[in-house]
Amino acid sequence: MYDMKALYEASSVEEAIALRIEHPEAQIIAGGSDVLVQMREGKRAGKELISIYMIDDLRGVSLDEEENLRIGSLTSFSHITRDPLIQKYCNVLGEAVDQVGSPQIRNIGTIGGNTCNGVTSADSASTLHAYEAIVELTGKNGVRRLPIKDFYIKAGLVDIKPDEIQTAILIPKASYENTFGHYIKYGMRNAMEIATLGCSVNVRLSADKKKIERCRIAYGVAGPVPMRCPSAEAVANGAVPTKELAEQFARTVIDDINPRDSWRASKAFRQHIAVEMAKRAFTRAVELAGGEMA
Amino acid sequence: MSKVGRSEIRVDAFDKASGRTKYYEDRVPADALYVRIKHAEIAHGFVKSVDKSAAEAIPGVVKVLDCFDVPDLPFPTAGHPWSMDPGHQDIADRHLLNQHVRYWGDDVAVVIAENEVAAHQGVRALKVEYESLPFVLDVQKAMEDGAPQLHEAFPNNILKHTGMKKGDYSSAIKEPGLICIDKWYDTPTVQHCHIENHGCFAWQEDDRLVVVSSTQIPHIIRRVVGQALGRPWGDIEIVKPYIGGGFGNKQDALYEPLCAWCSTQVGGRCVRLDCSREETFVSNRVRHAIRFHIVSWLRKDGTIAARKVECFSNQGAYASHGHSIVAKAMGSFPQHYPCENMECDAYTVFTNRPAAGAMRGYGMPQASFADESNIEDCAKALGMDSYEFRKKNVMPKGFHDAFSGNTNYYDSFRECMTKGAAFIDYERKKKEYANDTGDIRRGIGMATFWYNTAVYPISLETSSNRMLLNLDGTVTFQCGETEIGQGADTAYAQMVAEAVGLKSYRDVHVKSCQDTDITPTGLGAYASRQTYVAGFSIRQTADLLREKILNYANEVTRQAVANMDIVDGNIIRKGDGSVLMSLSELAMTAQYNPVHSEHITAESTYTIRNNAYSFGCTFAEVEVDIPMCKVTLKNIVNVHDCGNLINPALAEAQVHGGMSMAIGYGLSEQLIFDEKTGKPLNGNLLDYKLSTFMDHPHLEAEFVENPEPTSPFGTKALGEPPACSGAPAIRNAILDATGVAIDRNPINPHVLYAEFSKAGLIHDDWKEAK
């Protein structure tokens, strides 16, 4: 039995917006795999909830007119993993969200909830950052789009206005085209796990596969919000993929990341595995792109 | 055909698979009140006051009670048989709610409410004022002079210290040429993580108290509830329905006394008390963290000249099972690797951690980790293969222990080792993996253990049961040993069918739900005793029932009792094997005979004054990713000699479960505490790293079936043994793979990072660049 004051159910985006305005204190709930856990812990006990879970329009993956990949915010992790468009254009995202919790959580949990929760450990977050995803929010004055790095304000806080809900996540064509990525989740066990560190790397190689045109890397849990590593990316961009480059690229992430000491893991340990994960994810991404590490 | 030794389907399989089985929560009356506990938010101190007003004002809150309201009747909680010797009785150091807070999570108040939400709100609204005291979490620190004291009666927090000596240790170590291995080994605080959390509900009826509880020990709980409430034991009725596991946590009075008392405070209304998972981690029981100091003196020929073992057991805040656990751990050493000169000491020490109680293995997973790590280290120091070193030194055939009366009738250790080595291809892989040098290295390790089957002669071993011949020729069976998910009822059904002479184990109806008003008195599920001890009384009661059946059959058939037998549900004449009548015909005739009516039933108690060694080993194969500080368990096998198997499929399942627990113990599980506040940090199933299916390879269970001579069914312990040797086998495999001996478990990535850094296997060169 949950200690909730009231539950309002929206069946359309318009209804959800109206409910948001009517009940400014209410918490939005989608799949509930984060909100209900917090409510049970007492953190959100006694709150009103606005459920958007019934809004089927927010489900599914498609290509928009500009061939950007559009993921409805209520699309579940398991649907993302099995979606043919995801598999074709951004397979790494499907692989990343396939590492969330358990099969049951992956069936109920949504990518919108995963990002709106605002936590650095979200399995989708590092890949979405590495692909420079665009977050679509819909409010009473229409649609607002902002880069995912601006969506995350600080730990546990994202940029959603009081009359808005998140309606989609977009991966621009320029971002996924000819691009191959790999995600490594570091956990203390192989399932039912929250990331100790998550690392997502993607590369686009030159036509002859000899040179790295673009390399992007992002981490979860390397700081209070998911983050890119501009120094490391600068090392790889335009370079020839070699084992030495992989080492140098990996060592450079230390300049960019800022993991903290906590009882879950020490800063030194997180830094150590961050370097190793960068090297491995980079190497694998180059392989997936058809390149060879000289 | 024999009814035992067959992989029959569990008697409760259909009900459990279809969701029909009734656990305690399925039986709670709809109008029961909810009890929620306010747990202390300091590790040590005194409650000065509890402000109940805000909680009492919440709609739905019926009553708020605190530590100043409870009777001053200290009671013990351990699920041990009552001892007639006051010196051997468990320590009574508990109150229903506590003014003296001894750990973060101690029980200080309760809210009783009409519904769950109001109960939660009430607990959150309570304002407790504390006087905080310094606390201590570490055993060695708790023993120091001036350390915070938990219980007045135990100076330096030492609950008990015992020792044992053999030969002359101090002279023996002077022998020239000895190699000395002097090391410390640390084991963690872990929790049982049974599927069903503990809970219970209670009400008053006829001025008596009825408690339905998820417990392993209904008859013992009856006594403890009586003690805690100051009521005659006959006033208490405990009902144990099906339960979803216990692993020893429920071999303790948990919240039955508090729940029963709460009912008495609301006019006898039914109240329910359900533990959340978070409460289960912190405010039930945990496994003792035991620290060992082992000094082994070795001769170059691979024999052990002398050994000293010191064991320091972290009891946590309350005595619970107390010294029994570390005493058992210590007692394993002189018998496991017998040597002429030994000195052992064991200390049980109170600290401000959650109370430690019984947990699957009862001291042996800890002892096994330390002993088998040390034995591995000894072999390495001698340059011997540890498999050969163990074969040379482990308990020999014919070994006899005067105290328990146990004899090693077979060469079980070596038989188990041979079988395990063959399965895992030990010799070949050991050689092959020695060549691994890169980032990823493979290794193979092993460990052995022995386990006592029951608690004789330390405590009473008794078993009672009742058999009732039904009119259809089936038998209804009740006993005091408890089904807790392990499959005991199925083993009983098979043994009863065998002993009485029924056609099938399906002709035995085991009353799984136990009621202390009805079920013959017994001690419950613990010590891996059930199949062994129940075997004695099943054989005895079956003989009584058979005698009654055959005596009656003699009246009907006019055949001499000695000439008849009961086979496959029929009474037969031995001479020609002819069927005289079925058991059903006999039961109907006996019941409805207008001249001599008889309800055929038998009941008896057997006092078991034997015990039996159970043996086994684990072989584990790992792949270690050194830069990632990760261990992948590739292959694992347990081999057990637990005597004859009553049900091989269930025995295998029992072993799989224990292996899973051992994997978590070895690699990931540990309850951790904030050094600054004493607060448990990871008491939930996300942060406490219980291993999952995805962390397990195939679990191989094999058996050596040497019949146990003392048992009527040739059987002995299997419940706890599978949890004993897995962790050290994994530890030894990691040592084999990397050359790094890690002397604490769990061997998780944090530990590997520290140890690999120390050993120079990993090197963060970017650190220098900074």
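**Ground rules.** I am working from a predicted model, where local features need pLDDT of at least 70, side-chain atom pairs count only at pLDDT 80 or more, and totals for chains, interfaces and linings use all residues. Residues are numbered from 1 along each chain as its sequence is written, and chains are lettered from A and ligands numbered from 1 in the order in which they are written.

**Domains.** I took the bounds from an automatic or database domain assignment. Chain A is split into domain 1 (4-51), domain 2 (56-174) and domain 3 (180-288). For chain B I noted domain 1 (31-133 + 198-274), domain 2 (134-186 + 286-394), domain 3 (401-454 + 612-770) and domain 4 (462-607). Over C-alpha atoms, the centres of domains 3 and 4 of chain B are 41 Å apart. I counted 18 residues of domain 3 of chain B in contact with 15 residues of domain 4 of chain B (contact: C-beta atoms, placed from the backbone, within 7 Å). The domain 3 side of that contact has 10 nonpolar, 6 polar and 2 charged residues. In this scheme Ala, Val, Leu, Ile, Met, Phe, Trp, Tyr, Cys and Pro are nonpolar, Asp, Glu, Lys and Arg are charged, and the others, Gly among them, are polar.

**Where the chains meet.** Next I looked up the contact between chains: 23 residues of chain B touch 18 residues of chain A. Helices H3 (116-125) and H19 (749-758) of chain B each supply at least two residues of the chain B side. H3(B) gives the largest share, 5 residues. Helices here are DSSP runs (H or I, at least four residues), strands likewise (E, at least two), numbered from the N terminus.

I then picked B:His750, which sits in H19 of chain B. Leaving aside neighbours within four places in sequence, B:His750 contacts A:Ala265 and A:Phe269. The scale runs on other C-beta atoms, placed from the backbone, within 10 Å of a residue's own: buried at 20 or more, exposed at 12 or fewer, partly exposed in between.

**H7(B).** Helix H7 (256-265) of chain B is mostly covered, with 8 of its 10 residues buried. I found B:Trp261 and B:Cys262 among them. The buried residues pack against several elements of chain B, including strand E1 (33-39) and helix H6 (218-229). Just past H7(B), B:Gly267 has a positive phi of about 70 degrees.

I found a cis peptide bond from B:Tyr456 to B:Pro457, omega near 0 degrees. B:Pro457 is in the loop between strands E16 (440-452) and E17 (462-469) of chain B. Another cis bond joins B:Asn745 and B:Pro746, with omega about 0 degrees. B:Pro746 is in the loop between helix H18 (726-738) and H19 of chain B.

Which phi does B:Asp207 take? It is positive, about 65 degrees, although B:Asp207 is not a glycine. B:Asp207 lies in the loop between E9 and E10 of chain B and is exposed, with 8 other C-beta atoms within 10 Å.

Key. Two residues are in contact if their C-beta atoms, placed from the backbone, lie within 7 Å.
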